[in-house]
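Hi everyone, thanks for coming. I'd like to walk you through a protein structure today, so please have it up on your screen.

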Amino acid sequence: MDTYVTVEHLLNIHFSSLPLEKNIEIKKEGRPMPNLNIIQIKKTKSREFKRSFNKDIYSKHGWLCGCSKTNRLFCFPCILFCRTSGDKNWSQNGINDLAHLNDKISTHIKSSLHLNAHLNLKLLGKQDIRQQLSNAFRLSIQKHNETVTNNRYILSKIIDCIKFCGAFELALRGHNEKSDSENPGIFRGLINFSSELDNTLKLHLEQSTVFKGLSKIIQNEMLECMLFVIRQNIKNEIKNADFFSVISDETTDVSAQFQMSIIFRYILSNGTPVERFWGFFNPSGHDAKSLSECIKYNLKEVTENHDKLISQSYDGAAVMSGRLSGVQKLIKDEYKNAHFVHCYAHQLNLILSQATMHNRDVRIFFSNLTDVTNFFSNSPQRVAVLDKVVNHRIPRSSNTRWNFKSRIVNTVHENRELLIECMEEIENTFNQNIAINQLQKRKIDSIEVKNAISRFEENIQKERQNFDNFQNEMPGEVTQCRPKRKRDDDTLLSRICVAKEVCDILIVCVKDRFEYKAHLNASLLFMSTEFPLYEKSFPQTYVDETIEAYPFLNKSKLQTELELIYKRTDFRSVIGAVNLLQFIIDNNLEQIFSETFKLIRIIATIPMTSAEAERSFSTLKRIKTFLRNSMAEERLTALAMLSIEKKMVKQISNFNEEVIKVFMKKKDRRIDLEFKNITTHTEYRHQSISIWDTIDRNSAEVQPSGTSTSRAIIEVQRYLEVAILQRNNDPLNWWRENSYNYPYLHILAKRTLCCLGTSVPCERVFLKAGLILNDRRCRLKNDKVKMLLFLNYNSN
């Protein structure tokens, strides 16, 4: 049969003689509804009438079809079921009289042959009406639906266990996933624990022989379905949002594979900005073209509207931020509104690193500080002495997180009296760690970033002024800094000069790197502290730059709305774009401030940092470890999605039901998951009764005759006649199964075979201890570690 059903094809076949499967396929294809070329002109004495075929007539009459070859209308059910006995004008010849078409349709739908043919078409492939109306048939439907309800309940419990493992970043599979395994994975252990609390689940695991839902294939398919449902929810949220932004970063995982993380930021309907994890991806290359193609592909998966993407945020690597051929330039060429924002958290790290690298003494100080950390972290004996004397661990340093170095400085300063005296005044009031934490908040916007940077700069200025005041109060003649010589004395004055130099470098770098340009100047329009100044002198320059960056805004209306905002005092207490957006939504001011509302949503959507991508890499390191380094990309993304977006998963209504629907449609399952109103057959399963348990029991009760010596000789001879056990079989299992045949030898075999010839069990204990006592749980007490190891090793 052709892939497309036509009237010409139907007229040349005998529908009633075709197999039932072919008839159902024709029904699923549906009636042909081509656009017919029928034009009729009727002239009268006074005027001329012209009638032409309108395709909307197909929607008015669900049985009407057309033939594009003859340009005539037919009745689809009559062609199939009553071609010879019905009205030949509708079933064989066709109708093209548009003038009297409505009258002919009214007459035809009253025909009993037409109604019977239409009813036969509707019931094609279904059970007989009498069978549907019978009580027995309805009971079978009810029984089937009860089975489906029970199966969906079991599947929902399995989904809950997978969600639990994903939310807490636990490995699903273990070393041995068999039912009698002593070292199963967390997923199977969680299923077994749940079955002890749920009799329905326990009964399913004990009696089900077709579908248990515990295999690794089912796990992977479940994770794929969960990932699909979560991504569909993200797509719907982006579809309802007016704008969205993309954040991306790259790293290398434990198996030395390149991983790119993609995050989407947008505003929900209630005005809350969110950053959603989309997935980990492995691009074909590491160049700008390959990376941009990977990002573009995922952008197309989310939306086809290029105007909705208004920003992109990456780190400062040349391949990402290059102005001529970087990723941001390639994305901007296709998405015209996607302005690039260099991650401000990275910029602050670069500023602080640059400030410490310019001065030799400061550079040596932080180098020695790192050596102090390494000195105590590489020796258990030194760590023991440190715990005994200081009772405090020194945190490890990081090349990318400056606040870790700040913690080291604070820790060493609090517990060591031999550090430089000048650093005491710096660390007591140093605010860099606060700035780092503020810039890494999820809901931060460009206005809050500007305020945080201003506070940071003011604190550095105060520190600079404090050093000047302290220098002026110093006793002695020399109170001015001099050019430092190679062997200059390490005096208090020289330390003050070094601190002032670092402060000066920080102030210059902050002004240079954090100066807002182009599209980011739009956020300066909503700096509430500047509203009194804007009321007197309207910021026309910022408005012009905003309109240039976002030309779809109405300039005149935006100016009028801003002038009104600057005049009213109730807007001056609202700080930040997100708070102003919430204020407008809570008071239903969207229509009054339509252009301002649109601009604030753009500002709140712009990601000022790529910290969310860095957070996803932390999750990546916890999921893909050295014991799970062969994980596929789809499984890795699904597990990361369940962990990172666990709050959103809880908010999705009927999440388990949606996953079951996707799981059910992926392929035909050996378990009933779909509710039906009509069932075609009922399956009966019979279980055979095994008598081997009775035979084994009777054989074990047979007692051999004769003396103990004769019985031992006969037992040894009988054992020697048995075939040698294959290499891949377990001798202990064999002796346990044949213990009643060799009552004496099996005792000797247990004594001999249970003697360990290796210390591998001890190594396994060390491996378990390494999994329990990791970097995130390094402060566990010895007694607690012993108890956890004991419970883990003796859980069976």
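I'll begin with the whole protein, then go to a sheet, then to a pair of helices, and end on a single residue.

Before anything else, please keep in mind that this is a predicted model. The protein has 796 residues, and 42% of them count as buried. In terms of secondary structure, we have 38 helices and nine strands. Now take the contacts whose partners have a separation of 6 or more: residues 24 or more positions apart make up 66% of those. As for the surface, the protein exposes about 47,200 Å², and 50% of that comes from carbon and sulfur atoms.

Okay, on to the sheet. Quick reminder for anyone new to this: strands of a sheet pair through backbone hydrogen bonds, and they can do it in a parallel or an antiparallel way. Here, five strands make an open sheet with mixed pairing, and the order is β7-β6-β5-β8-β9. At the edges sit β7, residues 273-281, and β9, each of which pairs on one side only. If you ignore direction, neighbouring strands in this sheet are turned by 25 degrees against each other on average.

Let's zoom in on β8. Which strands does β8 pair with in the parallel sense? One partner is β5, residues 244-252, with four bridges, and in that pairing S245 stands opposite S311. The other partner is β9, residues 339-342, again in the parallel sense and with four bridges. Two of the residue pairs to look for there are Q312 with F340 and Y314 with H342.

So is β8 mostly buried or exposed? Six of its six residues, 309-314, are buried, and therefore the strand is largely enclosed by the rest of the structure.

What about helices against this sheet? Helix α15, residues 327-334, lies across β8 and β9 and runs at about 175 degrees to β8. Then there's helix α28, residues 594-605, which packs on the sheet and touches β5, β6, β7 and β8. The direction of α28 makes about 155 degrees with that of β6, which spans residues 258-267.

For α27 and α28, the axes come within 9 Å and cross at roughly 145 degrees. The crossing of α27 past α28 is left-handed. On the α27 side, the contact uses A577, V578, L580, L581, I584 and I585. On the α28 side, you'll find F597, I600, R601, I603 and A604.

Just after α27, have a look at N588, which takes a positive phi of about 55 degrees.

Last stop: Y58, which belongs to helix α3, residues 57-60. Its relative accessibility is 2%, so Y58 counts as buried. What does Y58 touch, leaving aside neighbours within four places in sequence? The contacts are R31, M33, P34, L36, F53, L64, C65, G66 and L73. And N35, 23 residues from Y58 along the chain, has its C-alpha atom 9.9 Å from that of Y58.

How values were computed
Residues are numbered from 1 along each chain as its sequence is written. This is a predicted model: local features need pLDDT of at least 70, side-chain atom pairs count only at pLDDT 80 or more; totals for chains, interfaces and linings use all residues. Side-chain values use heavy atoms; hydrogens and water are left out. Buried means under 20% relative accessible area, exposed over 50%, partly exposed in between (1.4 Å probe, protein chains only). Two strands pair if DSSP finds at least two bridges between them. Contact means heavy atoms within 4.5 Å. Accessible areas come from the Shrake-Rupley method with a 1.4 Å probe; for residues, only the protein chains shown count as cover. Axes are lines fitted to C-alpha atoms, for helices over the stretch in contact, and angles run from 0 to 180 degrees between N-to-C directions. A crossing is left-handed if the near helix is turned anticlockwise from the far one by less than a right angle, and right-handed if clockwise.
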